[in-house]
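Subject: Structure handover

Hi,

Here is the structure I promised you. My notes on what turned up follow below it.

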Amino acid sequence: MSLLLLIATLLMATVKVAVTSSSDAVTLLMRVKDSHVSSDSNNFLADWSSSSKPCTWRGITCSSQGEVTSINLTGAGLAGTLDLPTLTALPSLHHLVLRGNYFSLGNLSVSSFCALQTLDLSSNNFSGNFPFHQLLPCRALTYLNLSRNLITGATATPFGFAASLLQLDLSRNQVSQPEILAYTLSNCQALTLLNLSDNRISAQLSETSLAASCANLTTLDLSHNQLSGELPQSFVGDSLELLDLSGNNFSGMFSRFGFGSCRNLVRLSLSHNVVSGGEFPSSLRNCQALETLDLSHNDLGPNIPGALLAGLKSLKELFLGRNNLRGEIPAELGMACDSLVVLDLSDNKLSGELPLTFGDCSSLQSLNLAKNYLHGDFLTSVVSKLSSLRYLYVAFNNITGPVPLSLANCTQLQVLDLSSNGFTGTIPSGFCSSSSPLEKMLLADNYLEGVVPAELGGCKSLRTIDFSFNNLNGPIPSRVWSLPNLSDLIMWANNLTGEIHEGICSNGGNLETLILNNNLISGSIPSSISNCTNMVWVSLASNRITGEIPAGIGNLKKLAILQLGNNSLAGGIPPELGKCESLIWLDLNSNNLTGTIPSDLANQAGLVMPGTVSGKQFAFVRNEGGTSCRGAGGLVEFEDIKAARLESFPMVHSCPLTRIYSGVTVYTFSKNGSMIYLDLSYNFLSGSIPASLGAMSYLQVLNLGHNKLIGNIPESFGGLKAIGVLDLSHNNLQGLIPASLGALSFLSDLDVSNNNLTGTIPTGGQLTTFPSSRYENNSNLCGVPLPPCHGALNRNHAAGFHAWKKKQPIVTGIVIGLVFFVLFFVAFVLALYQVKKYHWKEEQREKYIESLPTSGSSSWKLSSIPEPLSINVATFEKPLRKLTFAHLLEATNGFSAETLIGSGGFGESFRCTTKGDVYSYGVILLELLSGKRPIDSSEFGDDNNLVGWCKQLHKEKRSSEILDPHLIKQASSEGELYQCLRIAFECLDERPYRRPTMIQVMAMFKEIQADTDNDVLDAFSMKCNVIKES
């Protein structure tokens, strides 16, 4: 009886504890909800109520005794502050997962009852220093994830990671404290995973072996930081399985890197560093478990160590692309075929053929040999035997002859890229069958002729077809138009005829890219194009298309680029185009369009969001021959085209002067964008210019020339803060040139000639710096650069300008394309500007060069790594005062102008002169010295800008407040910064005649650099290639 009584008593006690624990949990959790959650937009916590038990609440998991053991609020969309004292007071709480919310740091002093084993705070809004030491009472904590926040470091040292911690993830933050790296690598006996990738840690790795300090570490990811120096000779621990050091600044000889026994190493990545050397470490042979070896984007060479790599019997993925490898591909490498699945040897200087030994690579699924000097018939003799091959890239080589039909033997092939070779003959019709998995067929930039095979319609999985830059003729078969999964149809620069298929997108809106410009296509644009709701880029320019522009195009909400220029389109411009809320590029030049310019085109201003064409590779052919050219230029898809082929293309020679830029599109506005390119020139448009166009604050090119427009130039054009090219010539405009145009400091090309304008050309800003030809043939226009005015006309208009200046500060900026060609000082400033962004403002993976068509606050930039005009940031880690012009030459890769694509036999090379837009150069200097954007309402207000702000501080003798503190830290002499600031203000003098010439600016910088060891200024010249018709 006493035993039964004891059991009953225990059961009652257990029930009482559970009830008490549940009651306490309600109190604690409701305190968190009521006091620390400021927003629950998704009503995730709707069922958290004091009248119910926590075990029934969303996101709560309980034990069988009713104790809260886990809280998982992943992706709940909650905002508030983190309250760990309350949460960790739950004595059985083992797992707390708050990933994907908007919590910020609150109180992290955990309770003494802390039983946490897992703490996941990733993807929140934690910023600043994190108090790691406050988690020490959580003695059972094994997993801590703080990734994807804005954490910069730790609040105290030592950092106090719990001894029980097994996995620590601090990736994708802004950690810059090297002490965190040093501490974790020296106190990681229990750690199995350490991820510090995608931060800003600048340090060198010590020679300490991980085998001694991190005996249990299996995963170490330090990628995408600012680590530098030579790779340690002894670093790889015996337990290490994954080591990722990619995306840093490691240098030195690869042969010095020690792998030890590396018996467990499975994945090694050293890509995107500057490691050099011709020999691989002999200890690499010890890594017999190695499956992935990524050494791409370094400076390894000159030969591939075939025998050593073939000895890695477990190797599945080998990446050696973008190095300096030369010679032939070694036959011994083919001996690794037993396990090899992925082989990337792209972007080297390899020659010869793929050895026959690779014919036995039965497991090989991806082969990338692009951008080399390979030739021969290895596609037939070797590649066609690879039965498992899915991805084949051999673009940009020297392969000739017909396209091998034997490649159809690769029945698993999904991507076939033979672009930019020397293939001739016709496109084989035997690649496709109903079961073919082929998704991409890229044959651009060859010498193929004949028709587009109708049999391609049998490849039902085809998503991308690119046959650009060939000699194809005839119509595009209807079976191709009807491919169910087709998203990219790119066949520009051929001799294609026929019409655009009437039923385009009638079976669904999968088509995203339609690029057929520079062909002989006729007929009208079918109304069914309005069904292509996923369309991003439409280019039908330079064809023979007639009819009207379908109003249904306004339904294409994702459309970013619409190019219909140089056709025979008639009728009006559909106002519905203003509904294209992603449209940033509209080119309708050289048609027969009539009617007025719809004011609705500006409806999308302030609504454009970035992203729709990010990452697209393009070339922009910019016409610089004045009014003798039709249109401002042309944008062409440039994914698989050699520069030499584009150089000889007829559209390049349509103007006396043409420049070609290539790059990758990257948006720089994060929201509230607008159109950046609008060309309506060479039509028959009438009526007045809509004032609403002045609301397009990101517009960089506006060409309305050669129409029949009347009325005044809108005063609202002063709001075009980013405008670089403004052409209103050859119309019937009248009245005064608005004084507001004097504030357009981005402006590098203005043409208002051949109108009926009167009055004085406004002074100040850029307007008086343009040649007289940009103002000629107006009825009564006067003032610099035209002959002077006389009498009241001059006084009245000047007074108007000064009155306007009191209301509107000058909009600062920099000149569009001239930055590419103005003397080397521009490159000097941009190089230093990139350094600051590299250290303080930008992600580290991309180094940007000049924008098109402007720089600074432009909507697009060129991403080019490491293209000849890109910036070698590592060079500028030297102190500012010791930066020589030799360093400048080094940092810009010799200033070779390969992003300006050659002269094509018509061009001429010339030494760039020292004359340029000094005012715009002054703006660039201020950007560099202040670290601020030229136009930023959050910094200067809506009615001010960088120049006005700096001049005000200078006037008030507060110039020290202009200088970026980060730049001062990098400079060894603050006095030099003030001298640079003085030069900037001289360049920005409101009176053009008081500004120094570029020669004088050069002399000023020579004085500043007088104590440098190697001034190569006098011997320096920059080669600029242009297309100049004779």
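C980 counts as buried, because its relative accessibility of 11% is under the 20% cut-off. C950 is buried as well, with a relative accessible area of 0%. Keep in mind that this is a predicted model.

Now the disulfides. Searching the whole structure gives eight of them. Each is a covalent bond between the sulfur atoms of two cysteines.

C114 and C138 are linked, with 2.1 Å between their sulfur atoms. The link is right-handed, at 100° about the S-S bond. It ties together distant parts of the chain, 24 residues apart. C114 sits in the loop between strand 6 (102–107) and strand 7 (118–120), and C138 in the loop between strand 8 (127–130) and strand 9 (143–145). C114 is buried at 10% relative accessibility, and C138 is buried at 1%.

C262 is joined to C287, S to S 2.1 Å. This link is left-handed, with -105° about the S-S bond. C262 lies in the loop between strand 16 (249–251) and strand 17 (267–269), while C287 lies in the loop between strand 18 (276–277) and strand 19 (292–294). C262 is buried at 0% relative accessibility. C287 is also buried, at 0%.

C432 pairs with C459 in a disulfide, S to S 1.7 Å. The link of C432 and C459 is left-handed, with -105° about the S-S bond. The two cysteines are 27 residues apart, in distant parts of the chain. C432 is buried at 15%, and C459 at 0%.

Next, the aromatics. The count comes to seven aromatic pairs. F254 and F259 are edge-to-face, 6.4 Å centre to centre, with 90° between the planes. F257 and F259 have their ring centres 4.9 Å apart and their planes at 85°, so this pair is edge-to-face too. F254 is buried at 1%, F257 at 2% and F259 at 0%. F254, F257, F259 and F280 make up one aromatic cluster. Elsewhere, K371 lies over the face of F396, 5.7 Å from the ring centre.

Strand 53 (residues 756–760) runs parallel to strand 54, joined by three bridges. G759 stands opposite L781 in strand 54.

Best wishes

Methods. Residues are numbered from 1 along each chain as its sequence is written. This is a predicted model: local features need pLDDT of at least 70, side-chain atom pairs count only at pLDDT 80 or more; totals for chains, interfaces and linings use all residues. Side-chain values use heavy atoms; hydrogens and water are left out. Two strands pair if DSSP finds at least two bridges between them. Helices (H or I, at least four residues) and strands (E, at least two) are DSSP runs, numbered from the N terminus. Rings of Phe, Tyr and Trp (its six-membered ring) pair if their centres lie within 6.5 Å; planes under 30 degrees apart count as stacked, over 60 as edge-to-face and the rest as tilted. Buried means under 20% relative accessible area, exposed over 50%, partly exposed in between (1.4 Å probe, protein chains only). A charge sits over a ring if NZ of Lys or CZ of Arg is within 6 Å of the ring centre and within 35 degrees of the ring normal. A disulfide is a pair of cysteine sulfur atoms within 2.5 Å.
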